[in-house]
Each structure stands twice: as C-alpha cells, then as structure tokens.
Amino acid sequence: MVIRSVKLTNFRSHESFVLQCNPQTTTIIGENGCGKTSVLEAIYEALQGKSFRAVDREIVRRGAEFYRVELEYEDGRKVVAIYDAGLAKKEFLAEDKKSKRLPKKAKYPIVLFEPDDLHLVGSSPVSRRNYFDRVFGQLSEKYNTALLRYNKALRQRNELLKDEGVRQEDLFSWDVLLTRHGAELAEARRGFVEEINKRFTEVYRSIAENEDEVLLSYESSVRSESEFLARLMADFPRDSLLGHTSFGVHRDNYEFIFNGAGADGSASRGEVRSSVLALKFIEAEMVVSVLGRRPVVLLDDVFSELDETRQKCLVRNFQENQIILTTISSQDNLANCVALEKR
C-alpha cells in the first residue's frame, strides 16, 4: 500500500497543510520547530489510530475546536481521523464507516525512526519498555490488548493502594487481572526477543562490517500467573506503605549485550548506532513476516545523526519501502521535496 497524500487541519502548528507523497521517498525539509515531526505524527495516527508522542487534547492547534487528518492511498481509499476538542471525542472514518477507534483492518504497519531511538541503548528502562511495547503491539493485536488491560488493572490497583484503609482482599480482583495479563505479556516479550536475536548479530555485522556479537536481553521476574499472584500478596504490606505496585512486568527491562557485556558501557557510539539500525531492519522484516505487508518507513531527522556509511545502509535496506523523512538539510534530499517554514 502506498500513501498518495495527507491533509492536516488544525493539527499542532498546521492550520492547513497538504503533503503529496512520492511512491518511493518524500523528503520534508525545514528548520527545527516548523512542524516537520507533526506531519509524521499525523501519518502515524491515520495508519495506527493514535499518536506516537501525545494525547489528542495536546495536538489540537491552539485556539481551534478540532483537528482533522485525511490520508489517501494510491488506490483511492481514504482514512480520516477527527478529534472534537469540546467533546473530547475522536472519530475515524474508514471505508465509509465511522468508529471510535481505527478498525484493525484499516491499520497499516509503520517503522518509525526517531533521533531518540539512536540513544535507546543508554536510555532508561521505561523508555526501552515503551519502545518495545510499541513495536510488539504493532505485530500482535493480542499483545496490544493484554498491555492495555494490564495497565488498566495496574492503575486501579495503585489507586486503591493510596487509600490508607485498603485491605488485601480489596485488591484481589485486580491482582488476578494483573497476573493474568502480566504473565501473557512476559511470555510474548520472551518470544519476540528470541525472534530478534535469531537475526541480530548477522544484520549488525552487515552494517558494522566486523565480527562482533550483539544480543538483546529481556529481564523479567514474572514467570507464571501463580508466582506473580503469590508475590503480589506477599508484597501487600510494602505496597500499601509505598502507595503503588512494586512488582510486575511494568518493571521489566531490556538490555543490549555487546560481546558478552552490557553495550551501554562497552560499545562505541558507532557500534551503538549500528545496533539500533540492525534492530530497525529486523523490525521491518518481522512486520513483513507476521503481517504480510511492507511497512511505511517514517524517518524523523535521523540522517543528521548518522555518518554517510550508515545513511547509505539505511536507504539501501529500506529501498523497497515507501519512505517519508524529515531533515533540516537539503543535502539529505533523496527525492520529492516539501519545504516547511518555521511558524
């Protein structure tokens, strides 16, 4: 599927903006703060049903009552997302049908590459969890559902724990939900990480051109529902004092291992960037393998963070995908150009 155009109305700084897309590569050029990333954000929303960086009320242009995104594919099909700020209500229109959420069949896979992703190796456990949740959630609707239900149960449990008079039996129903969906998430994460590691070193070496070995390690204390439930019950006195749940898959961590040691302390900047590039290429491969579709690739100002060798590697590996990229330099122009001015 190829995107033909995207129209934005009251989306962040854009009162009205239209992007005509090239089937291969479209480059959006402009200074920082001119709204380049917002265009990619709008495309992401139309393809995935949500923003990758904010909630709806933060997206509406200041002073506006709504925002609208209309994406048209090459075959003429359209997806429209409309958010009414006054009613705090979002609606999608796909194949002439309205719905509160973007239907699964209307979603289209994306590989999103942001500058912060290049710092993934040394980022916080929260950032790495969020990153992989987004990747795995796109590959599996079941994973996405389990994550939403786990987070809902966690919020409810934490709210109860803030009450000084809370009893352990008050938490039981939420504990059951937390352990059920938590164990499901842990199992799925192990499976996805195992798939990544089958190709990680090979793809990394094709970029770095050396014999180093890289590995993604998934660290979780959750092994089964029964063990998780027992731990929650045992930790109740501590959690009630803290006012939050101290154990669970929301504490999981991912670590990059470089030649047997943590990459954060042993890998050079170039080696770290090669590892992240390899991860992106594998993500695209997994999308094709699992979903049977070649993803649209959104590159948000990453060329300025990569040397020429890795820039060429990025383009070469995604040459069969439609690419929409942003940059501040016309020297990175690969194809169809759209220039944005700072507002």
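Six strands make up an open sheet in this predicted model, ordered S2-S1-S4-S5-S6-S7 with antiparallel pairing. The edges belong to strand S2 (14-20) and strand S7 (97-99), each of which pairs on one side only. From one strand to the next, the twist averages 10°.

**The open sheet and its helix**

- Strand S5 (residues 78-84) and strand S6 (residues 89-94) run antiparallel and are joined by six bridges.

**Strand S12, a buried strand**

- Strand S12 (residues 296-300) has five of its five residues buried, so the strand is largely enclosed by the rest of the structure.
- In a regular strand, side chains alternate between the two faces of the sheet.
- Both faces of S12 are covered: Val296, Leu298 and Asp300 are buried on one side, and Val297 and Leu299 are buried on the other.
- One of the partners of S12 is strand S8 (residues 110-113), paired in the parallel sense over four bridges.
- Within that pairing, Leu112 has Leu298 of S12 as its bridge partner.
- Strand S13 (residues 323-327) also pairs with S12 in the parallel sense, over four bridges.
- Here Val297 stands opposite Ile323 in S13.

**Arg310**

- You can find Arg310 in helix H10 (residues 308-317).
- Its relative accessibility is 15%, and because buried means under 20%, Arg310 counts as buried.
- Leaving aside residues up to four places away in sequence, Arg310 touches Gly270, Glu271, Arg273, Ser274 and Leu277.

**Enclosed cavities**

- Rolling a probe the size of a water molecule over the atoms shows where empty space is left.
- The count comes to three cavities of 30 Å³ or more.
- The largest cavity has a volume of about 110 Å³.
- Twelve residues line the largest cavity, and Tyr73, Arg77, Glu95, Lys105 and Ala106 lie nearest its centre.
- By class, the lining of the largest cavity divides into six nonpolar and six charged residues, with no polar ones.

**The largest pocket**

- The largest pocket holds about 1,500 Å³ of space.
- Its lining comprises 45 residues, and those closest to the centre of the pocket are Gln48, Lys50, Lys107, Asn144 and Leu148.
- The elements giving two or more residues to this lining are H1, S6, helix H3 (125-139), helix H4 (141-161) and helix H5 (172-208).
- Which element gives the most to the lining of the largest pocket? That is H4, with nine residues.
- The pocket lining has 18 nonpolar, eleven polar and 16 charged residues.

Terms used
Residues are numbered from 1 along each chain as its sequence is written. This is a predicted model: local features need pLDDT of at least 70, side-chain atom pairs count only at pLDDT 80 or more; totals for chains, interfaces and linings use all residues. Side-chain values use heavy atoms; hydrogens and water are left out. Two strands pair if DSSP finds at least two bridges between them. Axes are lines fitted to C-alpha atoms, for helices over the stretch in contact, and angles run from 0 to 180 degrees between N-to-C directions. Buried means under 20% relative accessible area, exposed over 50%, partly exposed in between (1.4 Å probe, protein chains only). Contact means heavy atoms within 4.5 Å. On a 1 Å grid over the protein atoms alone, a cavity is a set of points where a 1.4 Å probe fits but cannot get out, and a pocket is an open set with protein on both sides within 12 Å along at least five of seven lines; lining residues have an atom within 4 Å of a point. Grid points are joined across faces, edges and corners, and a volume is the space filled by probe spheres set on the points. Ala, Val, Leu, Ile, Met, Phe, Trp, Tyr, Cys and Pro count as nonpolar, Asp, Glu, Lys and Arg as charged, and the others, Gly among them, as polar.
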